[in-house]
Every structure is written in structure tokens, then in C-alpha cells.
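User: I have a model open and want to go through some of its details with you. Take a look and I'll start asking.

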Amino acid sequence: MVELIKQGVYLLNGHEIVTNAPGLPSADEARENTITYGILRSHDVDGGKGKKMRIRFDAMMSHDITYVGIIQTARASGLEKFPIPYAMTNCHNSLCAVGGTINEDDHVFGLSAAKKYGGIYVPANLAVIHQYAREAMVKCGNMILGSDSHTRYGSLGNMGVGEGGGELVKQLLENTWDINAPEVVLVWLEGSPRRGIGPHDVAISLVKAVFENGFVKNKVLEFAGPGVKNLPIDFRNGIDIMTTETTCLSSIWVTDDEVRNYYEEHRRPQDYKELQPGKTAYYDGMIRIDLSQQESMIALPFHPSNAFTIHELQADPVGILKAVEEDTRKRFGDKVNVNLTDKVRNGKVMADQGIIAGCSGGTYDNLSEAAAILKGRSVGNDYFTMSAYPQSVPVYMATTRNHIAEELLEAGVVIKPAFCGPCFGAGDVPSNNGLSIRHTTRNFPNREGSKPGQGQISLVALMDARSIAATAANGGIITAATDVEYEDTHKPYGYDAKIYERRVFNGFGKENRDEELRYGPNIKDWPKMYAMQDNMLLELAAVIHDPVTTTDELIPSGETSSYRSNPLKLSEFALSRRVPEYVGISKRIQSDDLNRRAGNCPDHVRKALDAVGASPDNTSFGSCVFANRPGDGSAREQAASCQKVLGGDANICYEYATKRYRSNCINWGIVPFTIAPDTPFDYQAGDHVFVPGIRDAILSGKEQIDAKVITAQGVKDIRLFFTNLTQDERTILAEGCLMNYYAAQKK
């Protein structure tokens, strides 16, 4: 199904693939002929062909977990108006009963900010963030920056990038997104999918093939090939949105008449443009996908890459599910009692819940095919339940007019408004030990709302909407949609813009500086953050040796989302489901540093400094997290800002799972240290790391430094690296955070 070609290839005239031939231009020269480089270079303010790029975007997207913090940061940094279209959707914290009034307070703040600064405000439940972007914001050849990791619109000819809030603040202040000129990987699609195969099947197979080996990490995926024309737009969108889970930087597709028709249907024909690679384009690797060989897939907990064909699961259900149980015990120990093999009855795996939702699942085509499978059938009245969330009101209206909603409702499916909750643990939480099958983006730990610290665990497996419907029609027995006979006779999607025209506040270019921002009692400013001192003393507050640490573990999703506008309150949840003692340890370290700054250096801090001959007068004291590979998953900046709010000064790891998490650390003044792959890290929480001359090393352009680890057994040497930092990033670190950086520029 998926083949990786781990060498450079040339694409000639858009259809012939060669590895070498006489007279071909160099790789660097021909890479400029990719669609990717055509778009990136046109957005690079330096306008050259260098190895560095400084990008300005055409538009931005945020949702109600992130936009308050972004605007508060930008406001503190001198924001006067939004210089580009900035849409704020309300699709994450739209359960307004959670936490009193605080969610709706955020929404009112968002509308007041749109009026004051000239933004676009999309009311709650009108659309999930990425569907609104698809329907109203994308343009061929453009670039959109979003404060959500699944900011991917490449299938519509618009490069999307998901980053933390700090990067959006930079754009609001008319600065740039700075990257190394990326490598590009060709994703070559061939064949046509069989009936019952959907976009999640292809996406899960792609993630399985490339996630663990890092084949596409921080690279751009460029989709082309004869198979593209065999995929409807919703199918392409469903694959594209999931490219985030490969850890790629962004994605882009060739455009064709199918895309042209999409823009015409959405009343924006002028925004279509044909995108094709040049006559000779070079790619740094290639992924060949034969769509005709694609099987129905299931991604088991706790990652979209933990994937099997449904037929493989059916052949060995006990063996495969036992491996998941063992993984759960490794992650959570005796905190939970998981019995996933209890789902195997008479040799068949039973699910407890089916969900079709969000930017990947709630598409018109997915709901249409699910309805076709369930027509005349029933979800039943036993333990299995099913919900569907159309991804926007226009999609919901189309399902109503074309009898899709009617057929789903008759089968027993509960239809709910546009909401991202099932993707991050804030909606349709299954019962303890429940198995939920979902066409959503992620199945990380706690993404279904469980709390291992309180003995609660439920598990999510990702499946395509078609196989979820087939499972529902089969009484909850996990079933491949390819094994079900059905025909989808529903009408094609017809877009109706009236609801957006009547309810969306579109104030771009109409800012009113006299408008007052409306604050709720939970919306708080960022606390004071200190500039970097000459030397740095770190105490390890958490040491995590898991292969990967997700942002969901660094700052849990779910009910914590309600506190995203209150930095102090939210920080109480940092690492709470992975290292519960982290917050208490960090607060004690932060208190010790405040005493040191007041001239009352605690004895244990002075003892550590004495061990390396350092003075408390010019040496900061802060907390530090070690993890093997932190930051996979969400773009949410709070994974880093919560560490900073609690006094974090640095992270140490072997590598950062994503650029966006590393960028978040930098923007919040957390030094992103790495160590060499062969360096053992057998230290424990409570040990100290002394980094001499760090401020000078950062500002002078150095990329490594020799430090000391102070343990009960003595002092040991360790070499720390901080490579690939721009001069602006170095200054941000020295100033203590992005806000301090902008404040210093005003002086």
C-alpha cells in the first residue's frame, strides 16, 4: 500500500519519475521547481534562494483555546491592528457550562478583539476551525498560519502551518516565521480506492509508514500522481489534515478541475489557481501510495501510527489487544486497571462507542457514506452508541436537505453541532474501560477524557467513518466497510453561505480602536518573567524516559481547556497526568529563586552553587524537564508557557518531536537544550545542572556549552547543544520571553 523511496528523485513534466539522468539540474536548483518552493519563495521577505527563509503569511486562524493568550501577548507587545485576515473560531471551548462562565467570557473577549483590531469572529458551533478556513479563507498559492497543529489546507492549494501562539504574535506585529529551507518529499498517488475505503484509511497507513522512522519530520509533503484525480475534495482534505501526525512541516497538492469546482461552489472562483511542479522538480524522498491496494484500517491506542488493517485485528484480536494492555500498564502502572481483551467476544472485537467528528471526520462525504451504510439499519439499544458532528453549519444544512441527517437519526445516531471536543477529550467521553472508535485526528492518552490519576481509563481507536458505520450496523462488532454492501446515492454537496453571511463578524480592515476589550474574571495577564542572567542553575523537576512525550502529557487537554486564558490556573495542570508531583516541585524551585533574587539564597541552592564555584548574584535558579523526545502533537503554546509560568528555564532532551514545540519553548524563554544521542542521562529529579556563561553563549552565536551535573554522588560533566537558533530567537531567550523581547524594543 505504502512504499518509501529513501533517496532523491526527479519528477519530469509532472509524470515521469527518475533518480538520475544526463543533463539534470542540481538538487538545489530543481527543488526550486516544486510547488512547495514556488509558494515559500513568494512569501519569503528576503526574496532570495538562500538556506534560510523568513515567511509572512496571508492569513491566520485560531480557536477559543488559543486566541485569548495570543491577543493578550500581542497587546502587551504593542499590537494596534490585525495586519492580515485573522479568523477566530469557537469550536473547542463551546461547552459553556464547563467552569462557570469562563468559556463564554472568552468568546465575548474574542468578539470585542475582532471589533477593536479588525478580525473575523466565528460564533460557537458554527464551524470547526479548519472547515471554516476551507470554506472561507483558503486561496491557491497562499499560506495560512494557525495556532492549531492540524492547520493543513494543502489539498486546496493553500499551504497551512500549525504553530504555537508566539509565532502568530510575530505575524500580528509584522515580523516573520523563520525556518531553514525545508526538504520536500513527493507523495505519489496511484490507483483508485475501493468502495468502503475512506481518507482515514489512507492517512493512517501513511502515518504508520513514516512516523516512527522520522522519514518526513520537518519536511513538506507534496502530493501528485495519477491517483489524485480519483479522489473527491473531501477525501483529499481528510488525508491532508492528518499529515500533521507524520510530523511533517506542511503539505501541498497539485490542483485540478476538482479543486476549481470547489472554489466555484464556494463562490470564490477567483481564488483558484492551477498548481503544478515545474518541468524538472527535485524531491528529497518519495512515498508511493497505491490507493487500489488500501485496506480498511484501525489505529489502536495510543497513537495514529499504532495501526493495523481491520482484517489483521480480526485475525488476532487477543494478541494485538494484549500488546495495547501492556503498553497501558507501562504508561500508567497500577493507576488503572485496563481489560481491553474483554472486548473480544466469540472471537470478535466489540466497540462501545462510535464518533464521527471534527476537521477530519465530520465532512459531507463521510456523513453521506455513513448514512448510506446505515440506511434501514440500527445502531441498536445495547451498550454501543454513536454520535456524528457535521463540521460546519453549511455541511449540516446540506446533510439535512439531502436526507443524510434523517437516515443517520433513524438509525439511532445522535447528531451534534460543530465541535472539536471528541478530538481532545471534551465531548462524548466513554465509560471507564470503554473502547471508542473515532474518525477524529488523535488517540493519544487522555484524548478521550480519562484520568489515570483517579483510576479512570478509556481508550480510543481511530477508524474511517465508513468502517465506524459498518461497525454500528453490525451491533458494535468492529467491521471493515469493505466487507459491507452499500451504495451511496445522495446528492453531491451544495454549499450555502447564508449562515456565515448572517452570523460571522468580518471586521478585517475595519478596526475600531475605541472598542473596549471585554474581560471575564478568568482572563488574566501573563505574570512577570525575568531576563536570562549570566549563569543558569537548573533543578530537574521531571525526568521522563518514555520514547515520546506528547503535548497532551505536558499540559492535558479536555477540561483544562477552560483555563487557557488564566496562565496561573492552567499551570496547575502541567504534567499532572504524567508526573503529578511536577507542579509542587516547580513551585518550590520558583519560590527559592524569588528568595535568591531578594538576597536570601536558600541553603540547598547555595550548596549546589558552591559545588561549582558560582555566585547566586548572577546565577538564575529555575526548573527543568528532561524527556527523550518531547512535544509530539498539538501546537498549543501552553505546553511551554505553563513551564515558564512555574519558573522553568530550560528543557533537555535528545531531540524535539516537532518544530512547533521547540518554537514554543524559545518564545517563552525556555532554552531548548539537546544532548548527543550517545550521552546517557541517568540523573533523577532533584539533581542540578549548572550552565556557566549561558547568556554570553546564547548572544554570541555559540551552539554548544559544557555544563555540570550536580548529584549527591558528586559533579559530572555534560555537553549541551542549542543549535539552529536565529539571532532574534537568541535575543528572545536572553530577554526571557517574546513579550520581554518586544518590550525591550520599545525602550
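User: Which residues in α13 meet which in α15?
Analyst: This is a predicted model, in which local features need pLDDT of at least 70 and side-chain atom pairs count only at pLDDT 80 or more, while totals for chains, interfaces and linings use all residues. Residues are numbered from 1 along each chain as its sequence is written, and side-chain values use heavy atoms, with hydrogens and water left out. From α13, Tyr364, Leu367, Ser368, Ala370, Ala371, Ala372 and Leu374 make contact with Ile404, Glu407, Leu408 and Ala411 of α15. Contact means heavy atoms within 4.5 Å. Sorted by class, that contact has nine nonpolar, one polar and one charged residues. The classes are Ala, Val, Leu, Ile, Met, Phe, Trp, Tyr, Cys and Pro as nonpolar, Asp, Glu, Lys and Arg as charged, and the others, Gly among them, as polar.

User: At what angle do α13 and α15 cross?
Analyst: Roughly 50 degrees, with the axes of α13 (residues 364-374) and α15 (residues 404-411) coming within 9 Å. That angle makes α13 oblique to α15. Angles under 35 degrees count as roughly parallel, over 145 as roughly antiparallel, 65 to 115 as roughly perpendicular and the rest as oblique. Axes here are lines fitted to C-alpha atoms, for helices over the stretch in contact, and angles run from 0 to 180 degrees between N-to-C directions. Helices (H or I, at least four residues) and strands (E, at least two) are DSSP runs, numbered from the N terminus.

User: Is the α13 and α15 crossing left-handed or right-handed?
Analyst: Left-handed. The term applies if the near helix is turned anticlockwise from the far one by less than a right angle, and right-handed if clockwise.

User: What about α13 and α17, at what angle do they pack?
Analyst: About 25 degrees, with the axes of α13 and α17 (residues 465-473) 8 Å apart. The two helices are therefore roughly parallel to each other, and their crossing is right-handed.

User: Which residues make up the α13 and α17 contact?
Analyst: Asp365, Asn366, Glu369, Ala370, Ile373 and Leu374 on the α13 side, and Ala465, Arg466, Ala469, Ala470, Ala472 and Ala473 on the α17 side. By class this contact has eight nonpolar, one polar and three charged residues. Ala370 and Leu374 of α13 are in this list, and both also meet α15.

User: Changing topic: is Gln353 buried or exposed?
Analyst: Gln353 counts as buried, at 5% relative accessibility. Buried means under 20% relative accessible area, exposed over 50%, and partly exposed in between (1.4 Å probe, protein chains only). Gln353 lies in strand β20 (residues 353-356).

User: What does the side chain of Gln353 make a polar contact with?
Analyst: The side chain of Ser436, at 2.5 Å. Not counting residues up to four places away in sequence, Gln353 touches several others, including Phe384, Pro430 and Arg438.

User: And Ala627, what does it touch?
Analyst: Leaving out residues up to four places away in sequence, Ala627 touches Ile544, Thr549, Ile652, Cys653 and Tyr654. Ala627 is found in strand β28 (residues 619-627) and is buried, with a relative accessible area of 2%. The C-alpha atoms of Ala627 and Ile652 are 6.7 Å apart, and the two are 25 residues apart in sequence.

User: How many residues of α3 are buried?
Analyst: Eight of the 10 residues in α3 (residues 67-76), so the helix is largely enclosed by the rest of the structure. Gly78, with a positive phi near 105 degrees, follows α3. Helix α2 (residues 35-43) is mostly covered, with seven of its nine residues buried.

User: Which residues other than glycine have a positive phi?
Analyst: Asn125, near 70 degrees, is one of them, and Asn346, at about 55 degrees, is another. Asn125 is in the loop between β7 (120-122) and α5 (129-136) and is partly exposed at 24%. Asn346 is in the loop between β18 (344-345) and β19 (348-349) and counts as exposed at 82% relative accessibility.

User: Where does the cis peptide bond sit?
Analyst: From Pro301 to Phe302, with omega near 10 degrees. Phe302 lies in the loop between β16 (297-299) and β17 (307-309). Most peptide bonds are trans.

Notes:
A polar contact is a pair of N or O atoms within 3.5 Å; within protein, one must be able to donate a hydrogen and the other to accept it, and residues adjacent in sequence count only if both atoms are side-chain atoms.
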